[in-house]
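Please look over the sequence and the structure shown here. The text below then takes the reader through some parts of it.

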Amino acid sequence: MQKLYADSILIGSQWQKDKTISINSKGIIESISPGRIDGAESVKGAIIPGMVNCHSHAFQRAFAGLSEYRANQSDSFWSWRDIMYQFVARLAPDDVFYIARYLYLEMLKAGYTCVAEFHYLHHQPGGEQYDNPAEMSFQVINAAGQTGIAMTHLPVLYSYAGFGQQQPSVLQRRFVHQTEDYCWLLEQLDAHIAREDTLALGIAPHSLRAVSAEQLKTVLPVIKRFNVDSPVHIHIAEQIQEVTECEEYYHKRPVEWLLENFELDERWCLIHATHLTTTETHKLAKSGAVAGLCATTEANLGDGIFPTANFLDSGGRFAIGSDSHIAVNVADELKTLEYCQRLNKHQRAVLTSKSCRSVGQNLYLQAARNGALSVNQNVGELNVGKRADLVVLDTNHPTLYAREGSFILDSAIFGCSAMPVKDVMVAGQWQIKDREHPQQQVIENDYLKVLKKLAV
Ligand SMILES: [Zn+2]
C-alpha cells in the first residue's frame, strides 16, 4: 500500500489539514486517515485532484502559432481550418506519435491527468486506409501510454463536408469513414482498450454537418454494446454559419435539434455549444449533458462566448478542453471563462455557486468532476474509492505562499500565468516529480525533430 502524507489536501470539496491517503496497487484511494501514518511519503505542497482535458486534437499542437496572420478581409474559423488542413496533409503516423507524446507531457506538467482525444486523422493523405486501419488511433494511444497520462479515446465518425451529405473535399479524405468501417474500428479499439485501467473508449460523431441523422442513430447503440456508460462527444454550434446551415437543413438550431431527436444525458459531451438561445441553454442544462468548453481556442478562433453564467445558474455541467492547444494551461482555460463573463456583465466574481463562493475553486472543482463524467473514468475528486489522479501545487511559490483553503486555488488560477504544478500522479504512479518527467529529454528531442522536418 502506497501512503502519501500532506499538510493540505482537497478532499471532496473541502480543504483538510494533516492527512495521510493510502493508495492500493490498482491506484485506488483506499483510506484517508488523520495525521501521518508510519512509512508515508511526505508531499511538499497542496494536493488537488488532477484536471481532465475533455477535448484534444493532439496533432494541432505542432500547428499553434502558424495561423496568427491576416490572410483575408475577414479571417475566421473557416480560414483557420483551411490552413490547418494544409498542415494535416503532411503528417505521417510517426509525426503524430511524437507530437502527441510531447503534448501529453505538456499536459501532465500543466496538471491535466486525463485527456479525451477526439481523434479524426485516420487515413493516408489520399484517403486510403493504412495496413492496420487503426494505425493512427494506436499512435495517440501509445503516446499517452508512454507519458502516463490517462486517455479516453474518441475515434471520430466523419463522412460529409456539410449538411445534406455533401461530398468531402480532397483534404478531408484522411478523416472519412463510412458507418460500417467505423463500427469495425470501434471493435478493434475496444478489444485493446478494455484491458487497460487508464484507458476508456467513447464515440465522437464529428458534428451535425459531418454525419447524417441516420448515422447517429446507427452508431449510438453500437458503443452501448461495449459499455453502456461510454461517452458520446460531438462538436456543436461553434460557429454562427453552422447554426444557419443547420436551420436551413433541419429547420432547427443544432442544439435544439439534438435535444429533440436524442435523449441527452450525462454520457453526452457537447463540445463548444457556443451559440445557444436562452431556451436551449436551459434545456441543455436540464438534460445533464456536459458542455465541453474550450475557452482559449474559442477566443483564438473568434467563435463567440458560451453563456456560462446562465448555464450554471440552470444547473448545467461543464468541463474544459484545450482543443487546438493554442494554450496547454488549466489556469488560462478557467480564467478565460470567468473573464469573458466579467467583460460581458461588467461585474466581478461571476462564476460562483451556492456551495462555493470562490471563483477559482468553484471552477476547478466543477471542471474536474464533470470532466470525469465526460471521459467515463473514476477520477475528478479525491475521496475513498476514487483513482489517485492528483496534482501537487508548489505552496512555496510566491503567489501561493501562506495561502490557506480556497485562496490556494484562487491564487493558482488568477495570480499565476500557469498553475505552479510540482508533482503529478496518475493511478498511483508519479509521472512528474519536481516538474520533470523521466523521459522528458527524449520526448522533447523527438518533438523538435518533427518540427524541423515540418518546417522544410
Ligand atoms: Zn474540436
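Cys-54 is buried, with a relative accessible area of 0%; buried means under 20% relative accessible area, with a 1.4 Å probe and protein chains only. The model is predicted, local features need pLDDT of at least 70, side-chain atom pairs count only at pLDDT 80 or more, and totals for chains, interfaces and linings use all residues. Residues are numbered from 1 along each chain as its sequence is written, and side-chain values use heavy atoms, with hydrogens and water left out.

Cys-269 is also buried, at 0% relative accessibility. The whole structure has zero disulfides.

The zinc ion has the protein donors His-55 (NE2), His-57 (NE2) and His-235 (NE2), at 2.1 to 2.2 Å. Donors here are N, O and S atoms within 2.8 Å of the metal (3.2 Å for Na, K and Ca); water is not among the atoms, so sites may look incomplete. The donor residues follow the spacing H-x1-H-x177-H. Both His-55 and His-57 are buried.

His-57 and His-235 are also among the residues nearest the centre of the largest cavity, which 18 residues line. A cavity is a set of points on a 1 Å grid where a 1.4 Å probe fits but cannot get out, and lining residues have an atom within 4 Å of a point. This cavity holds about 180 Å³ of space.

Conventions:
On a 1 Å grid over the protein atoms alone, a cavity is a set of points where a 1.4 Å probe fits but cannot get out, and a pocket is an open set with protein on both sides within 12 Å along at least five of seven lines; lining residues have an atom within 4 Å of a point. Grid points are joined across faces, edges and corners, and a volume is the space filled by probe spheres set on the points. Buried means under 20% relative accessible area, exposed over 50%, partly exposed in between (1.4 Å probe, protein chains only). A disulfide is a pair of cysteine sulfur atoms within 2.5 Å.
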